[in-house]
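This report goes through selected features of one structure, taking contacts between charged side chains, then helices, then strands and surface.

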Amino acid sequence: MRNLVLLGGGYGNMRILLRILPNLPEHIHITLIDRVPYHCLKTEYYALAAGTISDQHIRVPFPEHPRLSYVFGEVKKIDLHHEVVHLQDGTCIPYDDLVIGLGCEDRYHGVPGADIFTYSIQTIDKARETYQKLSNLPPHSIVGVVGAGLSGVELASELVESRPDLHVKLFDRGTRILSMFPERLSHYVEQWFHSHGVELIRQSNITKVEEHTLYNHDEAIHCDAIVWTAGIQPNRVVRELDVEKDSQGRVVLTPRHHIPNIENVYVVGDCASLPHAPSAQLAEGQAEQIAQVLQKRWKDEEPPSEFPPIKLKGILGSLGKKHGFGLVADRPLTGRVPRLLKSGVLWMYKYHNGY
């Protein structure tokens, strides 16, 4: 038997399973390694942290197959030379083919105290901890959200609807929030925040974090809770791999998505160096191509030497339960329509993954 090991049960590896399980060759066995026994909808962690959806709402069962087994634990190290994955509990799992989909972690940009005194929504465990903290805050508490990208904006908007008694401060480095979107969308979101009492602090520079205190340009600002959404970096295990990386620390790959000169090790999702910003949609598009390469190689056929560029359908963001914003086919959308679209995309994803 040839053993395919998938590290991480995120969007990329779920899509690979969806594509290869229906026609899995008899000589292939798959082992998926993840911390938890279900697939988590990471794009919805902001709502879990804000307390507007339940834990169960963002869990999808892993698929079942006679030649698919699961190992639940924390990956400690990948030994590319000996083709073995080491887990924290001492377990060693050999592989013939490996797909690394370990996702990302918060990037603190060297800000002292940020990793100690802030909360996170990068993993389901951390999102649960953030929910516990935010839901237990007394009325009129101040919540600082650092970073006004998609995650920060969605968290702040969901929280202000969930707990209108809280005062939410959203810190952003730029002159306008959501700088990756057209100015019209940024203005719409800023107006929504203004009407809902969210305080926007633009051109901020967080220099230090202490317990219950943020330092913006070295000025102390009291916060009863601080949530960090100001950047990501690849998982520590990937950062420690001795392979070529880009300026963001992501692994440089061939057009077939494997590590150069290591044809049986692929990287999918947030840890891969790709021409777009990391997203669930991008991981799924990449996974489609990795599945094709694997299927060809298992048949002793030559995979395509290159693939067409991965096309993204757009980006959708929510502003609470009734409003949203987005770019679909390069067309800006605001109001109820993008929020309904996002809900529909989520429903379709669950449906297609057997929820």
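## Arg239 and its salt bridge

In this predicted model, Arg239 is partly exposed, at 35% relative accessibility. Its side chain meets that of Glu105 in a salt bridge, with 3.0 Å from N to O. Because Arg239 belongs to helix 7 (residues 236-239) and Glu105 to strand 10 (residues 104-106), the pair ties together parts that are 134 residues apart in sequence. Glu105 also counts as partly exposed, with a relative accessibility of 23%.

## Other salt bridges

The count of salt bridges comes to 21, with a nitrogen of Lys or Arg within 4 Å of a carboxyl oxygen of Asp or Glu as the criterion. One of them joins Asp55 to Arg59, where the closest N and O atoms are 2.7 Å apart. Arg59 is partly exposed, its relative accessible area being 27%. Another salt bridge is formed by the side chains of Lys208 and Glu210, at 3.5 Å from N to O. Lys208 is partly exposed at 31%, and Glu210 is partly exposed at 31% relative accessibility.

Salt bridges also form a network, which links Arg15, Arg19, Glu284 and Glu288. Arg15 of this network is among the buried residues of helix 1.

Helix 1 covers residues 11-20 and is mostly covered, with 8 of its 10 residues buried. The buried residues are Tyr11, Gly12, Asn13, Met14, Arg15, Ile16, Leu17 and Ile20.

How far apart are the end C-alpha atoms of helix 5 (residues 150-162)? They are 18 Å apart, which agrees with the 18 Å that the 13 residues should span at 1.5 Å a residue. Within helix 5, the residues Gly152, Val153, Glu154, Leu155, Ala156, Ser157, Glu158, Leu159 and Val160 are buried. An α-helix has 3.6 residues a turn, so residues three or four places apart point the same way.

Strands in the order 6-7-8 make an open sheet of 3 strands, paired antiparallel. Strand 6 (75-79) and strand 8 (92-94) stand at the edges with a single partner strand each, so one side of each has no neighbour in the sheet. From one strand to the next, the twist averages 20 degrees.

Strand 6 and strand 7 (residues 84-87) run antiparallel and are joined by 4 bridges. Lys77 has His86, in strand 7, as its bridge partner.

## The hairpin of strands 21 and 22

Strand 21 (residues 314-319) and strand 22 (residues 323-328) also pair, running antiparallel with 6 bridges between them. Ile315 stands opposite Leu327, which is in strand 22. Between the two strands of this hairpin there are 3 residues, and Gly320 in the hairpin takes a positive phi near 70 degrees.

Which residues make the nonpolar surface patch of about 210 Å²? The patch is made by Val328, Val337 and Leu341. Val328 falls within the range of strand 22 (residues 323-328). Leu341 lies in helix 9 (residues 336-352), and Val337 is found in helix 9 as well.

Val337 is partly exposed, at 49% relative accessibility, and Leu341 is partly exposed, with a relative accessible area of 37%. Both residues can count towards the patch because patch members need over 30% relative accessible area and no salt bridge. Val337 and Gly324 are 13 residues apart in sequence, with their C-alpha atoms 7.4 Å apart in space.

Is Val145 buried or exposed? At 0% relative accessibility, Val145 counts as buried, since the cut-off for buried is under 20% relative accessible area. Val145 has its place in strand 11 (residues 142-146). The C-alpha atoms of Val145 and Lys313 are 28 Å apart in space, and the two residues are 168 apart in sequence.

Terms used. Residues numbered from 1 in each chain as written. Predicted model: local features only at pLDDT ≥ 70, side-chain atom pairs only at ≥ 80, totals over all residues. Heavy atoms only, no water. Patch = residues over 30% accessible without salt bridge, like charges linked within 9 Å, V, L, I, M, F, W, Y side chains within 5 Å. Areas by Shrake-Rupley, 256 points an atom, 1.4 Å probe, with all protein chains shown as cover. Buried < 20%, exposed > 50% of the residue type's maximum accessible area, 1.4 Å probe, protein only. Pairing = 2+ DSSP bridges. Axes fitted to C-alpha atoms, helices over the stretch in contact; angles between N-to-C directions. Expected span 1.5 Å × (residues − 1).
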